[in-house]
Amino acid sequence: MAVLLALAGCSSTTQGRPVPVPAPDYPGYLPDKARQTLAYLDTLRPLDICGYLDRAAVETLGPVSYIGADGEYESCTARYPKNTARHGISKVEVSIGTTPSPGWGTKIDVAGTTVAYNNAGGEFCTASTHFDERQLISWVVFSAVLSKPVDLCAEAVDVATASIPLLKTRPLRIGSTAGNVDTKLARLDSCAAIPAFVAPDQAHKAAVLTYVPWGCGWMADYYKSGSRIAIGYLHAEDTLIAPNSSGEITTEIGGFPARVIPSSMRRYPGHCQLWIGVDAVRPDTEKRRREYDSTARMIELIRISLEQGGCELATQIGTELVRLYKLLP
């Protein structure tokens, strides 16, 4: 990848001696638009997305067993024990990170706020409105897996209606009572890894593509297709760092267990996906590995996916992210 360069530890040579190359100033060396997006993400990272889910509203649907992170950190989930919630509802989720799509959904007015809702075949219903001028916030009500399809839009609109007043607040992760929200990984700006791979003389081509602060989506060369790199944070099962098909590799990055998934497509040899369990301990025996697989536990994960550059570049990115992670208090 012409525009990608592993600068961390990189050096030039003068009269046979290596001369260290100073790390570029992040984010100062990036284009104005990229810096503006990063500044916006910095304002969102301290927020607790669970604070935009009205608890009284979700509790009217059934007894809530858990509220907190469950998957990507731009969302928050309220879960119900099996067969205890209305209409067999399994969970309610609130999330940010999507951009408006004209014409999507059925639009209604809720106390002066436009809400659009859409029924997805009886499996779930989404009710959305503007979080700010850049993106939407959505409340989604899910039916149980393999249950009879049912229209859950009335419930989705009710949860959205009760939660909309919360948009005037700034709930913080620090001190949150929701589960797995105020974590070390949630504080990490993964876009800060960019200086390790984008050469300063190519930085004017870089573009940040995400409005989600718990991860980073960017293109090293905005004018070149295939230079997209996506980084995401998850609270998910540790089975995601266990190989499940041939060709996958288990390794360690900075002492943390990792799973490398090279591209299996000859047409796209530069594709790669990498998972790192930053709060996981790698099993040291096959017996323990089987125990992990049979009784999955929830851990924090970094997911890296890139279109070009291969798994060597993915590993470089992962190594830098782990280094930055370990620097956090």
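Q: What makes two cysteines count as a disulfide here?
A: A disulfide is a pair of cysteine sulfur atoms that lie within 2.5 Å, and this cut-off is applied here to a predicted model.

Q: How do you know that Cys 272 and Cys 311 form a disulfide?
A: Their sulfur atoms are 2.1 Å apart, and since the cut-off is 2.5 Å, the pair therefore qualifies as a disulfide. The torsion about the S-S bond is 100°, and the link of Cys 272 and Cys 311 is right-handed. This pair connects distant parts of the chain, with Cys 272 in strand β16 and Cys 311 in helix α5, 39 residues apart.

Q: Why is Cys 272 called buried?
A: Cys 272 has a relative accessibility of 4%, and because buried means under 20%, Cys 272 counts as buried.

Q: What makes the link of Cys 125 and Cys 153 a disulfide, and why is it called right-handed or left-handed?
A: The sulfur atoms of Cys 125 and Cys 153 are 2.1 Å apart, which against the limit of 2.5 Å makes the pair a disulfide. The torsion about their S-S bond is about 100°, so this disulfide is right-handed. The pair joins distant parts of the chain, Cys 125 lying in strand β9 and Cys 153 in helix α3, 28 residues apart.

Q: Are Cys 125 and Cys 153 called buried or exposed, and why?
A: Cys 125 has 0% relative accessibility and Cys 153 has 6%; the limit for buried is under 20%, so both Cys 125 and Cys 153 count as buried.

Q: How do you know that Cys 50 and Cys 76 form a disulfide?
A: Their sulfur atoms are 2.0 Å apart, a value that falls within 2.5 Å, so Cys 50 and Cys 76 meet the definition. Cys 50 sits in the loop between α1 and α2, whereas Cys 76 belongs to strand β5, 26 residues apart. With relative accessible areas of 4% for Cys 50 and 0% for Cys 76, these two cysteines are therefore buried under the 20% limit.

Q: What makes β8 and β9 a pair of strands?
A: Pairing requires at least two bridges, and β8 and β9 have 4 bridges in the antiparallel sense, so they count as paired. In this pair Ala 116 stands opposite Ser 128 in β9, and these two residues are also among those closest to the centre of the largest pocket.

How values were computed
Residues are numbered from 1 along each chain as its sequence is written. This is a predicted model: local features need pLDDT of at least 70, side-chain atom pairs count only at pLDDT 80 or more; totals for chains, interfaces and linings use all residues. Side-chain values use heavy atoms; hydrogens and water are left out. On a 1 Å grid over the protein atoms alone, a cavity is a set of points where a 1.4 Å probe fits but cannot get out, and a pocket is an open set with protein on both sides within 12 Å along at least five of seven lines; lining residues have an atom within 4 Å of a point. Buried means under 20% relative accessible area, exposed over 50%, partly exposed in between (1.4 Å probe, protein chains only).
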